[in-house]
Amino acid sequence: MGSTEHLVTCPLCEAMCGLRIGVTDGHVSSVRPNKDDVWSAGHICPKGVSIGQLHHDPDRLRQPMVRRPDGNHVAVSWDDAYAEAERVLRPVLDSDGIRALTVYIGNPVAHNSDLASYIGALLGFAQAGGMQGYYSPGTVDQWPLNVVSCLLFGGMWNGPIPDLYRADHLMVLGANPAASQGSMLSAPDIMSLLKDVKARGAVVVVDPRRTATAERASEWVPIQPGTDALLLFAILRTLGENGWVRKPDHLRDRVLGLDEVVALADQFTPERVAAATGIEAPVIRRLAHDLAHARNPVVYSRIGGCAQEFGTLTTWLVFVLNTALGALDRTGGAVFAKPPVWVPMFGKPPDQDGAGYRFGRFHSRVRKAPEVLSSFPVGCLAEEIDTPGDGRIRALITVAGNPAVSVPGAGRLARALESLDAMISIDNWLNETTRHAHVIFPGLSPLEHAHIDDLYWIYAVASCIKHSEAVFDPQPDPHRPHEWELLLRLGGALFGTPVADVDVAALDDLYTAGTIATFAGLPNNPLTGLDAATVMAALEGNGPQRLADLSIRVGPWGDRFGERPGGLTLAEVKRHPNGLRLEELAGGRLDETVTTPSGKVELLHDHITDDIPRLVARMDRTRPELVMTSRRHLRSNNSWLHNVPTLMKGRDRCTLLIHPVDAARIGVSTGAAAEVSTTEGAITVPVEVSDEITPGVVSLPHGWGHGLSGTQLDIANAHPGVNNNLLNPTDVIDIPSNTHALNGIPCQIRPV
Ligand SMILES: Nc1nc2c(c(=O)[nH]1)N[C@H]1C(S)=C(S)[C@@H](COP(=O)(O)OP(=O)(O)OC[C@H]3O[C@@H](n4cnc5c(=O)[nH]c(N)nc54)[C@H](O)[C@@H]3O)O[C@H]1N2
Ligand SMILES: Nc1nc2c(c(=O)[nH]1)N[C@H]1C(S)=C(S)[C@@H](COP(=O)(O)OP(=O)(O)OC[C@H]3O[C@@H](n4cnc5c(=O)[nH]c(N)nc54)[C@H](O)[C@@H]3O)O[C@H]1N2
Ligand code: SF4
Ligand SMILES: [Mo]
């Protein structure tokens, strides 16, 4: 067969690195960074390097699996798997209708264009049939950002990012790009960009843990979890009282509510917030001074600022501060990226009619949680399954998700999954979640299908576009279904057609034409006013390729079907295997980006500020002896790269980080086991004593807890670790966004 080389974009995180994959005799023989990639220019990390092992993982499912009555899964033919899906699903749909079904979509959906472009089909069909909300890690992740973005800027995926190429004073709260490689902030080799920012001025990291990012920053500011909003309010107040609030010309007529928000900060003096945050008042004043006196200051926060009790206020205050510093929409500050593609997700959801956004349009059945952007807290899933009564969830479809590990209240959820009448998973491994499934439909390996990133360019530090061809034919059968076809098949089956009989090609045409017609008829999107039939006829191919062609052609550089001669099409993008670099990041994009009812940045919203009294009360709360936080590691990817041999080398990294003072008081030491308990449960984990964690706080990684019976993960099961979501309760929530606090949870520790 000889050797070939393939240029692809790594789909394993938001950094989107270009890889050169060498293939010899059907095997990945080398993975090297692509120095000619217009975006990543030679960056790579250990995860990208091991993508060949991921592809060749003998445990990766290549055939559908069906669960036998004894609980064990066996590989079956596709026809048998369709028949089994029909057997378990149909009775639920016949007796209780589509409202007894829900869908959980996991993180890899956003990194796989086959899934990303067709998940809307499954969800759309299910919602049309009466499904009450669906579940995703959104509410253990970026939902506060989505809420704040839609209120302030008009769209849930419409938020500014720090201009890492030009900023000279960056404050980072609750993010560790040294591990994550950037989140809702795509950058090539982000740590070297941070190094440049530091060289121009300063990088200040606010985090309970002295992370590898903090190590390399100018300053680490340890903070008590869940108190960032207090710190940010106190900084804002300091700016206000010193006359440091900047009102540059470019923001003068474009922002509403800044003075009112600065007035709201009045009650948060540095002295008042010092005890709760653990940051002394003079330090807070100096942080404010330094931001105010930098030429290009900017503030950025991520999951530590979101998955906490005050995620919405924190995320909001980051944008407020960027505005008060004059950094919003200014080159070198907090700027709006310009994605090269347009996907329906960027538009206002069709169900949000009228001006602005409404929340709480419907409520969850059991705890009556109000929907926020069509989501309930993901921790509600278990109670919706295991609580009897009308409207109970009896059927679940998971798509590239591992909620049994990722979601708070994981113990109850695992029991609930086991009780389902029908569970169908589209997933590549038999893991902690899919072991409960009646049927598992495997997707293709990331090297077996074409891919084009769309979502992450909305948070990218330059506008690029890249397309990856499949490296391998699907194995063992080149005609095996693609994931987008599986999504259409399951979506089509909801309306009475047996799973095996769904006409996938016809549904694909219907879905694509329907999407075009819907958005052509809606205002304020790139399809508005286009003739749907003409567009449909002009597009190339079918499936995700056809949707990618659409996304590119109506995007800012697209040909708009002849309107802009020489503009981009998918075919043109494919002619550039190293990608196309289209435009650099810059300020001055507010007018084209902001789609609020007033057309301006609207800082003030009751939905957000109504939460301030809860924050005020937080200041008087007695501090628990210990609280728990989460962390990530460069060589993990949430719960699912632990079966890759080279990524598992080295010492155990699923450890409880605890400060020496706390360790001595409790009587635990490095290497010994400790029991960690919360209101939700207890687990036993090895201890790692270190002053990299602030006193009063402990840190556990998420994504562990392998080694469960019925799973097929040889390597991961040999290094199981423990699942910290057995400890996270489902009722500690950032109220405006429905996001669970996974950080700042009170816990007790004892030696075992
Ligand atoms: N305690 C705590 N919990 C957390 C977090 C935390 O910080 N602390 N972080 C949260 C966050 S930010 C997130 S995003 C979630 C992640 O939550 P999930 O998305 O539920 O979990 P992942 O671990 O990303 O699981 C990915 C699943 O997709 C499968 N998979 C991988 N590749 C493919 C593919 O190409 N196709 C298909 N069909 N399946 C595939 C894997 O086998 C796995 O089952 O976890 C959340 N949970
Ligand atoms: N290698 C690798 N890369 C990943 C992932 C992975 O699992 N592994 N997961 C991907 C996903 S799904 C996501 S969402 C992103 C997340 O990307 P990041 O947001 O960078 O996530 P983390 O590395 O978990 O960093 C969060 C930090 O918040 C801190 N923190 C916890 N509580 C608080 C608090 O209350 N206040 C403040 N200020 N800090 C706090 C933690 O100590 C931690 O250092 O990473 C993505 N990239
Ligand atoms: S940083 Fe690593 S995981 Fe992320 S895209 Fe690059 S190689 Fe892939
Ligand atoms: Mo995430």
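Modeller: The C-alpha centres of domain 2 and domain 3 lie 28 Å apart. This is a predicted model, in which local features need pLDDT of at least 70 and side-chain atom pairs count only at pLDDT 80 or more, while totals for chains, interfaces and linings use all residues. Residues are numbered from 1 along each chain as its sequence is written, chains are lettered from A and ligands numbered from 1 in the order in which they are written, and side-chain values use heavy atoms, with hydrogens and water left out.

The domain assignment gives domain 1 (3-56), domain 2 (143-340 + 589-613) and domain 3 (624-751); such bounds come from an automatic or database assignment. Between domain 2 and domain 3, 26 residues of the former are in contact with 26 residues of the latter, where contact means heavy atoms within 4.5 Å. The area buried between these two domains is about 1,900 Å², and carbon and sulfur atoms give 56% of it. Buried area is the accessible area (1.4 Å probe) that two parts lose on being put together, summed over both.

Ligand 2 draws at least three shell residues from each of these domains. The shell holds 31 residues, of which the closest are Ser 180, Asp 207, Asp 228, Ser 636 and Asn 638; a residue belongs to a shell if one of its heavy atoms lies within 4 Å of the ligand. By class, this shell has 9 nonpolar, 15 polar and 7 charged residues. Here Ala, Val, Leu, Ile, Met, Phe, Trp, Tyr, Cys and Pro count as nonpolar, Asp, Glu, Lys and Arg as charged, and the others, Gly among them, as polar.

Asp 207 places a polar side-chain atom 2.7 Å from an oxygen atom of ligand 2. Taken alone, ligand 2 exposes 920 Å², and the protein buries 97% of that; these areas come from the Shrake-Rupley method with a 1.4 Å probe. Helix H7 (177-180) and helix H15 (303-306) are the elements that give two or more residues to the shell of ligand 2. Helices (H or I, at least four residues) are DSSP runs, numbered from the N terminus.

Ligand 1 may be set beside this site. Of the 30 residues around ligand 1, Tyr 104, Asn 107, Asp 427, Glu 483 and Ser 639 come nearest. Its shell divides into 11 nonpolar, 15 polar and 4 charged residues. A polar backbone atom of Asn 402 is 2.9 Å from an oxygen atom of ligand 1, whereas a polar backbone atom of Ser 406 is 2.8 Å from a nitrogen atom. On its own, ligand 1 has 910 Å² of accessible area, and the protein covers 97% of it.

The residues around ligand 3 include Cys 10, Cys 13, Cys 17 and Cys 45. The shell of ligand 3 has 8 nonpolar, 2 polar and 1 charged residues.

How values were computed:
A polar contact is a pair of N or O atoms within 3.5 Å; within protein, one must be able to donate a hydrogen and the other to accept it, and residues adjacent in sequence count only if both atoms are side-chain atoms.
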